[in-house]
Amino acid sequence: MKRSILIHPDPRLKKVCVPVADVSDDLRILADDMLETMYDAPGIGLAAPQIGILQRIIAMDCVKEDGVAGRPLVMFNPQIVAASEETNVYEEGCLSIPEQYAEVTRPKVVEVEWMDRDGKAQSETFDGLWATCVQHEIDHLNGKLFIDHLKPLKRQMITRKMQKLKRERARG
Ligand code: NI
């Protein structure tokens, strides 16, 4: 089932999310909903707080090439356990901040540990877009948005645009 995505500013996007104790059937359904919502948007990543669920769950699929099978990935309690000194700059966007993009500098390579949908411990080293995406999504679980990496003036400018967008949407 597709869920609706919260738009910044929203207090739920600023919360530190709680860890998942174990992966229940309900959480597996939630994970499927997150993937469906992400693909429909369309986006390459979605964190549970973006649909108002304050638990440490993210969904990603950074395969963008046409004709290549996707790689839907859901992570429960993801944790960055190592990060490279070398950095990468990507123009980031966010489904909670529609149509706003800005360059963010992050470690180029990160090693991530998480629990998969069967409750099994997993670990993998990510590079390139995947590395940026997983860091962006884990930030969400700590109440942090990509605009929090920008200079205050730029952040305020984007936030004002989002407030205007929300007012327009509320009016219909
Ligand atoms: Ni985001």
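A nonpolar core is a set of buried Ala, Val, Leu, Ile, Met, Phe, Trp, Tyr and Cys residues joined through side-chain atoms within 4.5 Å, where buried denotes under 20% relative accessible area with a 1.4 Å probe, protein chains only. The model is predicted: local features need pLDDT of at least 70, side-chain atom pairs count only at pLDDT 80 or more, and totals for chains, interfaces and linings use all residues. Residues are numbered from 1 along each chain as its sequence is written, and side-chain values use heavy atoms, without hydrogens and water.

**Exercise 1.** Determine the strand order of the sheet and identify its edges.

*Solution.* Step 1: take strands as DSSP E runs of at least two residues and helices as H or I runs of at least four, numbered from the N terminus; two strands pair if DSSP finds at least two bridges between them. Step 3: β1 (45-47) and β7 (121-127) each have a single partner strand, so they stand at the edges.

**Exercise 2.** Characterise the largest nonpolar core and locate Val 112.

*Solution.* Step 1: this core has 17 residues, and Val 112 is among those with the most contacts inside it, as are Ile 58 and Phe 126. Step 2: α2 supplies the largest share, six residues. Step 3: Val 112 is bridged to Glu 124 in β7. Step 4: with contact meaning heavy atoms within 4.5 Å, Val 112 touches residues including Met 75, Phe 126, Val 134 and Ile 138, leaving aside residues up to four places away in sequence.

Notes
Buried means under 20% relative accessible area, exposed over 50%, partly exposed in between (1.4 Å probe, protein chains only).
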